[in-house]
Amino acid sequence: MRIGLLGLGTMGSQFATVFLEHGYYVIGVEPDENQRQRAEAQIRQGLRTLGNSDNECTEKMKGFFVTRKIQALAEAEFILEAVPEDLSLKREVMRTVSHINPNAILSSNTSAFSMKEVFTLAHNRERTIGTHWFNPPHLVPGVEVIAGPDTSEETLCRTCQLLKEVSKIPVQVADYPGFVVNRIQMAMVQEAIRCVEEGIVPAEQLDLLVRATLGFRLVEFGPLTVADWAGLDVYENIFNYLTEKLGKRFECPRLLKEEVDQGRFGVKSGAGFFQYAEDFASLLATRDQALNKQRQVWEGDGCRS
Ligand SMILES: NC(=O)c1ccc[n+]([C@@H]2O[C@H](COP(=O)([O-])OP(=O)(O)OC[C@H]3O[C@@H](n4cnc5c(N)ncnc54)[C@H](O)[C@@H]3O)[C@@H](O)[C@H]2O)c1
């Protein structure tokens with residue numbers, strides 16, 4: 001299968017790494033000559049990071065073809081755009097490529113624009129889909145997959161299949177601005193910046209603190225599981241206090257209130273956002289085992305500084 005990449009900057013160059021590593025032929029389109037050269041070095045470095053020797057990198061790079069001409073994408077079967085986050089540029093690029101190649105699946109790596117907006121000018125919109133990867137994409141496993149209003153079931157299935165083939169974890173989300181991860185990430189970063197701005201903690205200490213607390217747990221458990229362990233009634237009280245002191249941005253979500261009103265407090269009551277069929281002692285043992293792995297990583301690798 002031939003993969004077409006539009007834009008070989010931060011994300012596009014490492015998309016090439018991902019697909020070359022898995023034996024795909026990659027056609028990259030990049031208008032900037034300096035970036036075309038830089039991309040080759042970035043791809044090679046990515047392949048080395050993935051454990052390839054110099055000879056293996058050279059061998060895998062033979063599957064890479066780079067040009068400034070978008071017409072080269074006429075041969076590709078899956079085309080992924082990683083041009084700058086500019087809606088009119090993405091629309092135009094998608095319109096052009098959809099006419100050059102009406103048979104390929106066209107995917108956008110937009111960080112936040114909804115698919116409805118990105119693909120308005122594209123031809124064959126049933127073949128369009130969002131795949132939102134995370135930097136550095138050759139190392140981060142998760143990819144948000146966003147079906148637009150016209151995306152066909154076949155496009156969705158083939159895209160998820162391709163992502164699995166390159167060892168990614170596709171997770172389908174609805175077509176909302178910012179999707180899921182950037183909503184969470186932006187809310188967290190916004191609050192982190194405010195904490196520094198208000199003089200509560202210096203930037204270095206904030207980063208250390210978040211890594212050693214939230215980051216430590218999030219490697220093993222998602223935020224809703226963490227909430228279930230803390231107790232949803234406890235979270236409701238925290239939300240209420242913070243709303244009173246810091247404002248409406250901390251308002252308790254309706255769904256959390258409903259859980260608490262129905263006596264679903266999380267692990268301690270046997271149900272919260274998730275159901276807990278096992279007895280409390282076994283759940284505790286499983287949780288501790290998972291977090292103990294992380295403790296050993298922290299103590300062993302000196303992540304403390
Ligand atoms: N950088 C990140 O951490 C990250 C993470 C997830 C998603 N994204 C999204 O990925 C997209 C690309 O981001 P990036 O950080 O790689 O940007 P970048 O600026 O590093 O790279 C964009 C590349 O596109 C090229 N380009 C410009 N116009 C083009 C055109 N018409 N055809 C082909 N190439 C063209 C540029 O020359 C540049 O090399 C954006 O939509 C961004 O929001 C970025």
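Me: Thanks! Which residue in β8 does Val143 stand opposite?
Reply: Val143 stands opposite Pro170 in β8. Strands here are DSSP E runs of at least two residues and helices are H or I runs of at least four, numbered from the N terminus. One caution: this is a predicted model, where local features need pLDDT of at least 70 and side-chain atom pairs count only at pLDDT 80 or more, while totals for chains, interfaces and linings use all residues. Residues are numbered from 1 along each chain as its sequence is written, and side-chain values use heavy atoms, with hydrogens and water left out.

Me: OK. How many bridges join β7 to β8?
Reply: Five, and the two strands run parallel. Strands count as paired if DSSP finds at least two bridges between them.

Me: And what's the strand order in the sheet?
Reply: β3-β2-β1-β4-β5-β6-β7-β8, an open sheet of eight strands with mixed pairing. The edge strands are β3 (64-67) and β8 (169-173), each pairing on one side only.

Me: Switching topic: is Thr17 buried or exposed?
Reply: Thr17 counts as buried because its relative accessibility is 0%. Buried means under 20% relative accessible area, exposed over 50% and partly exposed in between (1.4 Å probe, protein chains only).

Me: Where does Thr17 sit, and what does Thr17 touch?
Reply: Thr17 lies in helix α1 (residues 10-21). Not counting residues up to four places away in sequence, Thr17 touches Gln42, Ile43, Gly46, Leu47, Leu50 and His138. Contact means heavy atoms within 4.5 Å.
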